[in-house]
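Work through the exercises below with the sequence and the model at hand. Try each task before reading its solution.

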Amino acid sequence: DHAPDLLVVGSGFFGLTIAERMAAELDKKVLIIERRPHLGGNAYSEFDAETGIEVHKYGTHLFHTSNEKVWEYVNRFTDFTNYQHRVFGKYQGQVYSLPMNLALINQFFGKSHTPDEARALIAQLASEFKTEDATNLEEKAISLIGRPLYEAFIKGYTAKQWEKDPKDLSPDIITRLPVRYTFDNRYFNDKYEGLPVDGYTAWLTRMAEHPNIEVRVGVDFFDVAEEFKGKVPIVYTGPVDEYFEYAEGRLSWRTVDLKSEVLDVEDYQGTGVVNANDPEVPFTRELEFKHLHPERADRYTPGKTFVVREYSRFAEEGDEPYYPINTADNREKLLKYRDLAKAEPMVLFGGRLGTYKYLDMHMAIASALSMFENKLRPHFVDGAELK
Ligand code: FAD
């Protein structure tokens with residue numbers, strides 16, 4: 001029973017990428033410990049037995065990237081479908097095409113504006129506030145898109161996401177609110193987009209399949225830390241504040257409650273994601289997973305569909321930390337944690353939780369590939385200090 005060459009804490013895309021590179025490229029033995037009962041982190045999914053539909057257990061995960069290296073790397077483990085993500089939003093009994101585009105503007109104002117006419121209209125409506133004078137999120141949004149579109153498509157949704165009136169939110173939360181003066185309603189602008197043909201879990205599992213990699217699920221690092229700390233190099237992808245026992249206070253997170261339901265209808269909403277913009281509707285979005293994989297239609301149980309409603313709120317102790325919150329207080333704490341992390345011997349901090357930074361999957365993978373090249377390879381191959 002040999003000690004591993006590297007311990008990876010957390011089996012999300014960051015940890016798996018590190019482990020895979022160490023095992024396949026440097027022939028090193030890697031132990032991954034994961035406190036959940038399954039590997040894969042937040043991208044994990046399961047096929048629902050009743051409906052045959054792949055359900056993303058921690059919210060919909062859409063893969064997209066413009067990074068050539070990442071695209072080449074991920075294609076080693078899975079093929080991708082040609083799924084293109086599109087989002088719709090309900091408001092006062094109508095359904096609009098998002099992101100804000102010419103279809104939405106024309107439908108909302110009941111007009112058939114040309115791109116130039118729509119641009120002029122939004123500029124005129126946005127002149128109510130100057131962006132640089134905005135003292136809160138509401139004024140900032142109005143300065144970018146004008147009051148009517150703000151009130152319909154930003155106000156209610158944002159209030160639910162943050163459990164706060166946008167008047168009480170910092171203008172820094174939004175930098176821009178892109179409006180497209182075309183009918184293009186593709187959600188992502190990236191060069192590559194698609195969903196893993198056999199599902200996320202098959203992809204994530206293949207990354208860990210190397211004989212040099214051992215995964216232990218259901219093990220919390222903090223229960224076994226003394227076995228490894230200071231003895232084996234560690235890549236830690238859990239929450240950075242938790243590692244240091246909240247010495248600088250707790251970083252705050254937003255979380256999402258996902259309430260799922262199997263409905264006895266073939267098709268509930270005709271698409272994967274519909275936002276709920278009305279403030280009186282308590283959830284923020286409805287997800288219908290079968291629409292992410294129309295190519296699997298013949299494998300689904302007829303007459304049934306799997307729907308999830310998302311409710312956004314602040315994370316409390318014990319909740320899943322999902323989205324970092326960009327406030328002065330959190331930024332200040334994070335700087336202190338970064339100093340502690342830098343000083344921690346033989347431990348590298350990475351990933352979404354370890355850096356307190358929202359990372360899309362492709363960003364988590366890119367960041368892990370660069371940690372491997374810039375820190376781990378020099379350490380393991382050339383004997384450079386690990387830091
Ligand atoms: P994670 O996937 O969170 O993995 C970290 C792992 O570490 C977890 O499994 C956790 O259980 C484990 N861990 C933590 N502490 C310990 C401990 N003490 N001991 C053992 N294990 C521990 N990205 C996209 O590209 N497209 C999307 O559409 C998208 N949607 C998302 C929706 C939501 C709700 C969330 C939260 C994220 C979404 N992402 C999306 C981001 C994607 O999930 C991240 O890129 C990915 O999770 C980052 O991987 P990671 O390895 O850093 O973190």
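## Exercise 1: a residue and its core

Task: find which residues A19 touches, not counting residues up to four places away in sequence.

Solution. A19 touches V8, V30, I32, A208 and I213. Two residues count as in contact if their C-beta atoms, placed from the backbone, lie within 7 Å. The model is a predicted one, in which local features need pLDDT of at least 70, side-chain atom pairs count only at pLDDT 80 or more, and totals for chains, interfaces and linings use all residues. Residues are numbered from 1 along each chain as its sequence is written.

A nonpolar core is a set of buried Ala, Val, Leu, Ile, Met, Phe, Trp, Tyr and Cys residues joined through C-beta atoms within 7 Å. The largest has 62 residues, and V8, I18, A19, V30, I32 and I365 touch the most other members. Helix α12 gives the most to this core, with 8 residues. Domain 1 and domain 2 both contribute residues, so the core lies between them. A second, separate core has 21 residues, including A118, L137, L149 and L169. As background, nonpolar side chains in soluble globular proteins tend to be buried together.

## Exercise 2: domains

Task: list the domains and describe how domain 1 meets domain 2.

Solution. First, the bounds, which come from an automatic or database domain assignment: domain 1 is 1-37 + 208-251 + 324-387, domain 2 is 40-68 + 76-98 + 186-202 + 253-314, and domain 3 is 100-173. Then the distance: the C-alpha centres of domain 1 and domain 2 are 29 Å apart. Then the contacts: 10 residues of domain 1 touch 11 residues of domain 2. On the domain 1 side, α12 supplies the largest share, 3 residues. That side divides into 6 nonpolar, 4 polar and no charged residues. Here Ala, Val, Leu, Ile, Met, Phe, Trp, Tyr, Cys and Pro count as nonpolar, Asp, Glu, Lys and Arg as charged, and the others, Gly among them, as polar.

## Exercise 3: the ligand

Task: say which residues come nearest to the ligand and where the ligand lies.

Solution. Of the 35 residues around the ligand, G10, G12, G41, G238 and G351 come nearest. Elements that give two or more residues to this shell include α1 (13-26), β2 (30-34) and α12 (361-382). Such helices (H or I, at least four residues) and strands (E, at least two) are DSSP runs, numbered from the N terminus. By class, the shell has 16 nonpolar, 13 polar and 6 charged residues. Domain 1 and domain 2 both give residues to the shell, so the ligand lies between them.

Conventions. A residue is near a molecule or strand if its C-beta atom, placed from the backbone, lies within 6 Å of it. A residue is buried if 20 or more other C-beta atoms lie within 10 Å of its own, exposed if 12 or fewer, and partly exposed in between; C-beta atoms are placed from the backbone.
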